[in-house]
Amino acid sequence: MNQRAHPAPAGTARVPAQSRSEESAREAEAPGFPAGPPAARGEHTHSERPIPQPRPAVQRASVRGQILDALRTALVSGELAPGEVYSAPALGERFGVSATPVREAMQQLAQEGAVEVVPNRGFRVVERGARELAELAEVRALIEVPVLLRLARSVPAERWAALRPLAEESVRAAATGCRATYAEADRAFHRAVLALAGNEQLVQIAEDLHRRALPLHGARAALMADAAEHAALLEALIAGELDAVRRLVAGHFAAAG
């Protein structure tokens with residue numbers, strides 16, 4: 001059945017009304033995101049209600065996950081500025097999807113403490129002061145340092161040596177000067193180290209703290225120094241030099257604060 005579209009106000013783009021299935025299809029087929037299978041075109045009479053083809057939940061989750069990753073990168077790089085408010089529809093246009101996956105991703109970031117909800121406006125990027133960053137770094141140290149020192153006494157050298165590629169990747173990422181690139185490499189290194197404890201809850205909590213504690217600025221030299229500490233720490237762990245491990249890991253978190 002044809003519907004007459006209401007005229008759009010002057011100066012605004014007219015967006016055709018969409019059903020929920022059409023909206024999901026547009027999200028899945030957006031540029032840069034995996035396209036879903038084409039919708040089935042069955043025949044029906046005017047008296048029958050068309051049955052939308054169900055779309056696998058993984059496609060929706062995939063779009064939301066990619067948007068979440070893109071938003072995290074934009075936050076770390078400073079592309080989304082601290083203190084600024086961004087609406088889901090505007091960000092949806094930017095990423096070529098509807099507001100729905102953006103809003104869902106922003107809700108996840110709000111739970112992580114990266115943004116806060118502003119009623120009827122959108123989401124404000126959280127501004128973290130020096131004191132808050134220092135407090136978060138202290139909490140990370142309280143959790144990670146004892147675990148790492150325990151692992152230093154029990155994990156064999158060959159398992160530490162297997163982490164060398166991650167330490168080297170963090171050095172390469174730091175050399176680019178891109179904070180978003182380095183943040184991912186840094187997180188991957190710390191995740192792999194803590195994973196040796198065999199405690200998934202520990203890994204998840206540490207990752208959450210890592211995201212909260214990462215400042216949204218930093219010079220290339222600071223990134224290079226941080227990455228060099230990864231390499232030095234790993235070599236001390238491989239050599240079994242516990243005194244050096246204690247000194248390096250304490251300095252690593254002190255610098256982060």
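## Fold, cores and helix 4

Of the 257 residues in the protein, 37% are buried. The model is predicted. It holds eleven helices and three strands. From the N terminus, the order of elements is α-α-β-α-α-β-β-α-α-α-α-α-α-α. Take contacts between residues at least 6 apart in sequence: 69% of them join residues at least 24 apart. The accessible surface is about 15200 Å², and carbon and sulfur atoms account for 55% of it.

The largest nonpolar core has 28 residues. Trp160, Leu234, Leu237 and Val245 have the most contacts inside it.

Helix 5 gives the most, with six residues. Leaving out residues up to four places away in sequence, Trp160 touches Leu151, Ala152, Val155, Val193, Leu196, Leu234, Leu237 and Ile238. Another core, of 20 residues, lies apart from the largest one. Its members include Ala74, Tyr86, Val102 and Val115.

Now helix 4. It covers residues 99–112, 14 residues in total. Its first and last C-alpha atoms are 20 Å apart, close to the 20 Å expected at 1.5 Å a residue. Ala99, Pro101, Val102, Ala105, Met106, Leu109 and Glu112 are buried in this helix. Viewed down the axis of helix 4, these buried residues fall within an arc of 160 degrees, so they line one face of the helix. An α-helix has 3.6 residues a turn, so residues three or four places apart point the same way. Just after helix 4, Gly113 adopts a positive phi of about 85 degrees.

Conventions: Residues are numbered from 1 along each chain as its sequence is written. This is a predicted model: local features need pLDDT of at least 70, side-chain atom pairs count only at pLDDT 80 or more; totals for chains, interfaces and linings use all residues. Side-chain values use heavy atoms; hydrogens and water are left out. Helices (H or I, at least four residues) and strands (E, at least two) are DSSP runs, numbered from the N terminus. The expected span of a helix is 1.5 Å times one less than its number of residues. Buried means under 20% relative accessible area, exposed over 50%, partly exposed in between (1.4 Å probe, protein chains only). The arc is that of the directions from the helix axis to the C-beta atoms. Contact means heavy atoms within 4.5 Å. Accessible areas come from the Shrake-Rupley method with a 1.4 Å probe; for residues, only the protein chains shown count as cover. A nonpolar core is a set of buried Ala, Val, Leu, Ile, Met, Phe, Trp, Tyr and Cys residues joined through side-chain atoms within 4.5 Å.
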